[in-house]
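Hello,

Here is the structure we talked about. My notes follow below it.

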Amino acid sequence: MIDIGTGAVSDAVLDASGGDGGAPGNGSRALATRNEPPRRRDWHRRGRADRSTPAKPAGKTAGGGTEGRRPGSVGRSGSEHDARVDDVGRLTMATATHYDVIIIGTGAGGGTLAYTLAPSGKRILLLERGAYVPRERDNWDSRAVVREGKYHIAEAWHDATGEEFHAGTHYCVGGNTKFYGAALLRMRREDFGELRHRGGVSPAWPIAYEELEPYYTRAEHLYQVHGARGTDPTEPPASAPYLHPPVSHEPRIQDLVGDLERLGLRPFPLPVGIMLDERNPRRSRCIRCSTCDGYPCLVNAKADAQVICVDPALEHPNVSLLTGAYVSRLETSPSGREVTKVHVERQGAEEIYSADLVVVACGAINSAALLLRSFNGRHPHGLANGSDLVGRNYMCHLNSMMLAISRCPNPTIFQKTMGLNDFYFACAEWDYPMGHVSFVGKTDRNVLAAGAPRLVPGFTLELMAEHSLDFWLTSEDLLDPQNRVTLTRQGSIQLSYTANNLEGHTRLQRKLKSMLTEIDCTEHLLPMQAYIGKRIPLAGVAHQNGTLRFGRDPKTSVLDVDCRAHDLDNLYVVDASFFPSSSAVNPALTIMANALRVGDHLRQRLG
Ligand SMILES: Cc1cc2nc3c(=O)[nH]c(=O)nc-3n(C[C@H](O)[C@H](O)[C@H](O)COP(=O)(O)OP(=O)(O)OC[C@H]3O[C@@H](n4cnc5c(N)ncnc54)[C@H](O)[C@@H]3O)c2cc1C
Ligand code: SF4
């Protein structure tokens with residue numbers, strides 16, 4: 001095994017007037033973590049997401065199709081309370097524009113919620129600290145995206161010792177879904193119950209799988225998931241088929257699938273949300289390229305939250321979006337029971353908005369940070385923090401990328417088509433769960449170079465990339481209150497995390513290695529197979545979750561079952577922070593499904 005270096009920092013200049021997506025590279029989750037000084041412009045430094053772009057005051061932004069009405073005019077679709085709008089359409093400190101709902105963050109959670117609430121006619125304001133990712137050649141350039149980390153956040157976070165690091169995450173319209181690999185899996189039914197692991201117990205969720213099931217189906221249809229029911233041996237029951245056939249395997253992956261099946265294993269077509277029509281390639285929006293997982297889609301064919309949810313939501317006249325709008329703080333009424341003001345930093349000025357309902361969807365790390373920053377007399381340890389759990393129980397999965405380098409070339413373009421869940425739960429080989437195996441997008445020399453792996457003898461980086469099968473392994477990490485988000489004295493994010501439950505993951509890595517040996521990949525491989533594998537380090541926050549867990553007991557959870565803060569009447573959270581356990585499948589579909597579920601609740605509440 002050879003360790004691959006990881007991580008990458010980046011950033012980009014987003015054009016708030018339109019354009020879209022940008023991202024790290026394949027394996028860029030692996031690479032999204034390198035501890036390296038940022039080389040980028042400061043467009044999404046804390047609170048100022050878009051220094052380089054002139055104000056797009058409010059309303060719908062382009063890229064999404066509709067360009068900015070000003071806050072004042074947006075407010076008119078809401079009700080204005082003493083709103084004074086300055087000459088660039090900015091609300092002054094003394095004023096507040098009132099909405100029915102404010103949603104903070106436009107990723108998997110916030111974007112999906114906006115989409116489902118939009119037809120209600122309620123006045124909805126989306127606040128997003130980032131901008132639209134520009135559509136540009138670099139979207140699909142592995143050097144720009146992976147090696148130079150063009151689109152990652154600029155701000156430094158700190159580890160438990162105070163050391164700075166640069167997280168592999170993104171601030172933009174659509175959030176991290178602009179860069180995701182779009183593998184959209186349901187959690188297993190058993191994941192909703194208590195599950196015994198070697199390292200401890202994964203706790204039960206306060207809702208059963210059956211409660212989320214209809215929303216999983218809706219989310220799969222909305223995000224155009226391509227897949228095949230009945231092929232994944234651990235998949236939970238579903239009330240409807242996928243609407244789109246699975247993405248086909250390319251020959252090298254098909255060979256591997258055949259080999260694994262001969263071993264008695266059950267590889268299955270990975271469910272992915274891309275707009276690929278293989279029956280009609282000339283009309284297919286997706287062109288099946290190699291720069292998908294970790295990159296933004298230049299042709300808007302990836303089912304991300306911007307394309308699928310935010311832009312369609314903005315077609316409704318009652319929905320508005322402010323980009324470059326960093327929410328610095330939430331203020332409450334004197335009783336502390338309601339959020340009354342949302343403080344926004346935008347273009348160097350402070351703006352204030354208010355809403356009947358305020359929904360936080362900043363991603364698990366930033367949502368916790370926002371609540372911690374919002375402490376006041378009634379909430380001295382952070383908003384909604386009566387349980388002292390805000391920021392605690394941070395989870396991110398045990399993830400690793402493993403490259404199997406062989407003499408047999410792997411010319412696959414779109415590699416993320418196969419999953420393997422035979423070792424997801426306890427099995428004949430071990431009494432505890434190990435996890436999920438799939439692929440990252442196909443690596444190239446730039447992606448490998450960003451990870452600075454040890455060269456396999458006789459191979460250049462280019463040759464290694466041409467011959468590698470690039471696996472992605474995920475196992476469940478367990479909740480630990482000491483794994484947490486806090487704030488430094490200066491107010492920046494501090495992330496403390498010690499991995500746990502490692503044995504299952506190590507066994508999964510070993511299992512993959514022994515399987516590849518057994519199927520005699522070696523027939524056309526290096527006499528000595530070389531594997532590159534390393535767990536993703538702290539900066540790999542792609543699967544962040546769990547910092548504001550939901551539950552029935554206010555003493556042991558931050559949110560109630562509807563994802564409303566126990567301590568406040570009008571504060572909700574719909575991003576990955578509500579997870580009480582992390583399972584071992586990618587999180588996005590569960591976040592989307594839950595946002596639809598909470599959306600139904602909010603629609604009822606709004607009347
Ligand atoms: C490279 C990569 C590949 C991935 N691949 C997959 C995959 O294949 N399958 C899968 O299921 N998951 C994948 N993920 C993870 C997935 O993208 C996330 O789980 C998901 O996007 C999280 O949704 P969220 O709503 O919690 O947060 P996000 O999508 O991160 O959205 C949070 C939003 O809030 C905004 N924001 C943050 N703070 C503030 C603030 N203070 N004020 C205003 N706005 C704010 C951010 O800019 C962002 O737009 C991947 C992630 C990465 C990075
Ligand atoms: S594979 Fe398809 S969806 Fe993914 S980036 Fe390429 S064109 Fe876009």
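**Strand β16 and its neighbours**

Strand β13 (residues 398–405) pairs with β16 in the antiparallel sense, over 8 bridges. In that pairing, Ile-405 stands opposite Ser-468 of β16. Please keep in mind that this is a predicted model.

β16 has another partner. Strand β15 (residues 436–439) also runs antiparallel to β16, with 4 bridges. Here Phe-439 has Phe-471 of β16 as its bridge partner.

Is β16 buried or exposed? Of the 8 residues of β16 (residues 468–475), 8 are buried, so the strand is largely enclosed by the rest of the structure. In a regular strand, side chains alternate between the two faces of the sheet. Both faces of β16 are covered. One side carries Ser-468, Asp-470, Trp-472 and Thr-474, all buried. The other carries Leu-469, Phe-471, Leu-473 and Ser-475, also all buried.

**Helices α3 and α12**

Helix α3 (residues 108–117) packs against helix α12 (residues 588–606). The angle is about 40°, and the axes are 8 Å apart. That makes α3 oblique to α12. The crossing of α3 past α12 is right-handed.

Which residues make the contact? From α3 they are Ala-108, Gly-109, Thr-112, Leu-113, Thr-116 and Leu-117. From α12 they are Ala-588, Ile-591, Met-592, Ala-595, Leu-596, Val-598, Gly-599, Leu-602 and Arg-603. By type, the contact of α3 with α12 has 10 nonpolar, 4 polar and 1 charged residues.

Best regards

Technical notes. Residues numbered from 1 in each chain as written. Chains lettered and ligands numbered in written order. Predicted model: local features only at pLDDT ≥ 70, side-chain atom pairs only at ≥ 80, totals over all residues. Axes fitted to C-alpha atoms, helices over the stretch in contact; angles between N-to-C directions. Helix = DSSP H or I, 4+ residues; strand = E, 2+ residues; numbered from the N terminus. Parallel < 35°, antiparallel > 145°, perpendicular 65-115°, else oblique. Left-handed = near helix turned anticlockwise from the far one by under 90°. Contact = placed C-beta atoms within 7 Å. Nonpolar A, V, L, I, M, F, W, Y, C, P; charged D, E, K, R; others polar. Buried ≥ 20, exposed ≤ 12 C-beta atoms within 10 Å, placed from the backbone. Pairing = 2+ DSSP bridges.
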